[in-house]
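Work through the exercises below with the sequence and the model open. Each task is followed by a worked solution.

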Amino acid sequence: RNTMSFFSKLGENIILPQDVLIQSKETAAVAGAINATIGIATANKKAMALPSINKVITEINNSEYLPYSPTPGLPKMRELWKQKILKDNPKINDEYLSLPMVTTGITQGIDIAANLFSEAGDALLLPNLFWQNYAQIYTIKLGNNIYKYNQFDENNKFSIDNFKNVLYDIKQDKISLILNFPNNPTGYTPSDDELTQLVEVINIFAKEHPNKQLIIVSDDAYFGLFFEDNHKTPTLSATYKLAENPNCLIVKLDGITKEYYSWGLRVGFITYYTKDASLRQKLLEKTQGFLRSTTSSPSNLSQQIAIRLLDNKEAIKEKEENDSIIQDRYNELKSAIAKEKIDTLVTILPFNSGYFFTIKLPNTINAHEFRLKFLNEYKYGVYSMDDEHIRIAFSCLDIELIPELVTKFKECIQQF
């Protein structure tokens with residue numbers, strides 16, 4: 001008897017990706033190993049917190065958090081997040097911006113954007129290195145075709161040309177583009193000039209192809225962790241101009257997950273930016289319909305906590321302190337890389353933001369084999385994404401561990 005016969009086509013095709021979860025588990029099994037595999041920020045091997053959160057949790061009355069939340073989220077939560085977006089993106093038109101709707105993490109926001117605006121045969125444009133869940137949602141669940149551009153050219157520079165060439169090669173009439181800056185896995189945010197050029201490529205393409213519809217999704221999961229001047233422009237502060245094209249829809253996905261050190265609370269947001277008021281209204285209704293048919297309503301308790309963090313000067317100060325701890329780790333990492341000159345042995349992809357950086361190994365070294373050697377012999381857990389790329393989460397590394405990681409990495413490379 002074929003056990004698969006119970007499954008739908010989707011049921012047969014869906015998988016539990018084994019990559020980062022299994023690699024993290026393998027790291028945990030090695031006594032004394034330092035875990036730099038996953039997207040969380042830690043200090044002394046514990047999740048970094050905003051200290052205010054403990055106080056906030058004890059102050060919430062159960063009569064506030066036990067009832068259901070409205071499907072799109074608590075009104076105060078939505079209003080606070082809208083004000084935050086407007087403050088972060090002062091150039092945008094506040095009338096074009098919808099009220100955000102609360103999602104169960106940013107992943108649900110991606111799922112909504114994929115389901116509401118794309119179907120089998122449509123196109124998804126991504127960089128060659130991307131978060132694997134995009135593929136699961138857009139291709140396995142929905143049957144989109146992925147088109148990949150090289151994020152960096154042969155000189156290791158952000159490649160607008162490659163982005164443009166691949167975009168112009170797409171034949172489909174409906175194209176979703178995910179702009180994820182700071183990027184997972186590379187940790188790159190384009191310079192102000194690069195972002196302007198990137199948006200101009202999309203703008204000209206939209207004008208030249210009035211019959212093609214473009215859904216521009218900004219996945220702002222790591223928003224705010226910008227560590228270099230001239231690489232700090234929020235994506236929406238560049239893409240908002242595309243709203244002048246009737247064939248462009250702008251979708252912003254973000255959340256308290258990384259921004260407020262609250263990974264497990266699962267509070268994300270989906271927000272739309274369009275000058276068409278009736279479309280904006282329809283987007284809100286359809287999104288609520290989709291939410292109603294999936295999670296029904298978001299966690300009230302998580303939102304009650306989030307409201308009190310966002311509305312709290314002390315918590316904002318704590319967030320800034322945590323952000324600066326991650327920035328210090330970034331600076332330490334940059335100087336350790338320069339000191340050890342490891343870029344003479346491997347290609348370090350440009351990074352300037354977020355939680356991660358990515359190393360491209362020489363083609364004589366297999367990344368999976370390297371990872372296992374580095375784990376078992378040097379006691380560092382890193383993530384091998386494919387046969388040639390290693391991603392390291394410096395957000396997980398206390399600052400004093402960073403020089404040693406770089407030294408040991410170099411040593412391990414030289415052992416091959």
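A residue is called buried under 20% relative accessible area, exposed over 50%, and partly exposed in between (1.4 Å probe, protein chains only). This is a predicted model, in which local features need pLDDT of at least 70 and side-chain atom pairs count only at pLDDT 80 or more, while totals for chains, interfaces and linings use all residues. Residues are numbered from 1 along each chain as its sequence is written, and side-chain values use heavy atoms, with hydrogens and water left out.

**Exercise 1.** Classify Lys212 as buried or exposed, then describe its salt bridge with Asp173.

Step 1. Lys212 has 9% relative accessibility, so it counts as buried.

Step 2. A salt bridge needs a side-chain nitrogen of Lys or Arg within 4 Å of a carboxyl oxygen of Asp or Glu. Between Lys212 and Asp173 the N to O distance is 3.9 Å.

Step 3. Helices (H or I, at least four residues) and strands (E, at least two) are DSSP runs, numbered from the N terminus. Lys212 is in the loop between α9 (192–208) and β8, and Asp173 is in the loop between α8 (160–169) and β7 (174–179), 39 residues apart.

Step 4. Asp173 is partly exposed, at a relative accessible area of 49%.

**Exercise 2.** Which parts of the chain does the salt bridge of Lys76 and Asp311 tie together?

Step 1. The two side chains meet at 3.0 Å, N to O.

Step 2. Lys76 belongs to helix α5 (residues 75–88) and Asp311 to the loop between α13 (300–310) and α14 (313–340), so the pair ties together parts 235 residues apart in sequence.

Step 3. Lys76 is partly exposed at 45%, and Asp311 is partly exposed at 46%.

**Exercise 3.** How many aromatic pairs are there, and how do Tyr222 and Phe356 pair?

Step 1. Rings of Phe, Tyr and Trp (its six-membered ring) pair if their centres lie within 6.5 Å; planes under 30 degrees apart are stacked, over 60 edge-to-face, and the rest tilted. The count by this rule is 28.

Step 2. Tyr222 and Phe356 are 5.6 Å apart, centre to centre, with 70 degrees between the planes: an edge-to-face pair.

Step 3. Tyr222 lies in the loop between β8 (213–219) and α10 (236–239) and Phe356 in strand β12 (residues 356–360), so the pair ties together parts 134 residues apart in sequence.

Step 4. Both Tyr222 and Phe356 are buried.
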